[in-house]
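Open your viewer and load the model. This tour tells you what to select next and what is there.

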Amino acid sequence: MSQYKTEILPVTDAAIVQAAALIVQGEPVAVPTETVYGLAADATNPAAVAAIYTAKGRPGFNPLIVHVHDLTAATALAVFDDMARALAESFWPGPLTLVLPCAQTCPVATLATAGLPTIALRVSAHPAMQALLAASDRPLAAPSANASGRISPTRAAHVAESLGGRVPLILDGGPCAVGLESTIVAVGEGRVRLLRPGVVTPAEIGAVAGVAVVCASSGDIEAPGQMLSHYAPAKPLRLNVHASAPDEFMIGFGTVDGDINLSPAADLNQAAARLFDTLHAADAAPRAHIAIAPIPETGLGLAINDRLRRAAAPR
Ligand code: TXA
Ligand code: MG
């Protein structure tokens, strides 16, 4: 894991310039939003998104919220129907995240959406996040800026306690006004499903959408308890394979080669950055099965193996 001498700077024009330069170089930067502090990185750069997971030490990949400057920027990434547009116009900027179908030409890295055909988008009202988006001129993937298993940070000092030494820069914008993560709703086909409660309430959302918000876990599309947010290939997947069978599309790693090699140099960050693109390619290939080389259980390998085990589990 990269070790940094973490700088904590108040939000000034100079600090934003410095933060944007780091973002453009593919580094993660902690930045306040009105809800909680986020750990932001260039959403279009797969290695930068992998760096978020490395810094958080998360043993799995969740799809991340992608932050954009405004609704116009959001429409380059996702498909907005009338209901989604009405919600965005009413609640953005603010603590509401919309999960929508990805646009065909969405430039966001598949690691940020965890390979899903949908994307979570948010326009924060916080001037620091707004300034960083403007200065870096790209969408920013930003989960809460805490190490895995720790509570979400609402002050720069919380971020420093949790991620000190793991990020180059923390922008200090004081305490977060809301202090609780954004409300998340999935919008589509005339329905609004609540994925995570927050300060924007189902009643407020329903009043704008013109339909009652349904609870995701009691929805009729996903079975109760089923994870809403996991992409898995449609084909059977075999793990820890050294030699593949003729009907298997082989995903290599390091010296175990394949039809695609996640990282010939056995670099786990590179492998994570390429994971979902590779699974999609394997799914689209003519062979009926997928095999994958062993991935070491260290660093980002823990998250990669977690995802692969879920993908390989009988469904
Ligand atoms: O307030 C917030 O939302 C903060 C600030 C930093 O913006 N961000 C935040 O991000 O809480 P994070 O990554 O910790 O939470 C993202 C949540 C996860 O529970 C994830 O499963 C869900 O959003 N999510 C993201 N994309 C999704 C998708 N396509 N479908 C369903 N759920 C999704
Ligand atoms: Mg979180």
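An axis here is a line fitted to C-alpha atoms, for helices over the stretch in contact, and the angle between two axes runs from 0 to 180 degrees between N-to-C directions. Keep in mind that this is a predicted model.

**Stop 1: two helices.** Select residues 268-284, helix H8, and residues 300-312, helix H9. Their axes come within 9 Å and cross at roughly 20°. Angles under 35 degrees count as roughly parallel, so H8 is roughly parallel to H9. Which hand does the crossing of H8 and H9 have? It is left-handed.

**Stop 2: the ligand.** Now select ligand 1 and the 22 residues around it. Thr35, His67, Thr118, Ser182 and Arg196 come nearest. By type, the shell holds twelve nonpolar, seven polar and three charged residues.

**Stop 3: polar contacts.** Show the side chain of threonine 118. One of its N or O atoms is 2.9 Å from a nitrogen atom of ligand 1. Go on to arginine 122. A polar side-chain atom there lies 3.0 Å from an oxygen atom of ligand 1. At serine 144, show the backbone instead. A polar backbone atom of serine 144 is 3.4 Å from an oxygen atom of ligand 1.

How much of ligand 1 does the protein bury? Taken alone, the ligand exposes 690 Å², and the protein buries 89% of that.

**Stop 4: the strands around the ligand.** Select strand S4 (65-67), strand S6 (118-122) and strand S10 (191-196). These are the elements that give two or more residues to the shell around ligand 1. Which gives the most? S6 does, with four residues.

Notes:
Residues numbered from 1 in each chain as written. Chains lettered and ligands numbered in written order. Predicted model: local features only at pLDDT ≥ 70, side-chain atom pairs only at ≥ 80, totals over all residues. Heavy atoms only, no water. Near = heavy atom within 4 Å. Polar contact = N/O pair within 3.5 Å; in protein donor to acceptor, adjacent residues only side chain to side chain. Areas by Shrake-Rupley, 256 points an atom, 1.4 Å probe, with all protein chains shown as cover. Nonpolar A, V, L, I, M, F, W, Y, C, P; charged D, E, K, R; others polar. Parallel < 35°, antiparallel > 145°, perpendicular 65-115°, else oblique. Left-handed = near helix turned anticlockwise from the far one by under 90°.
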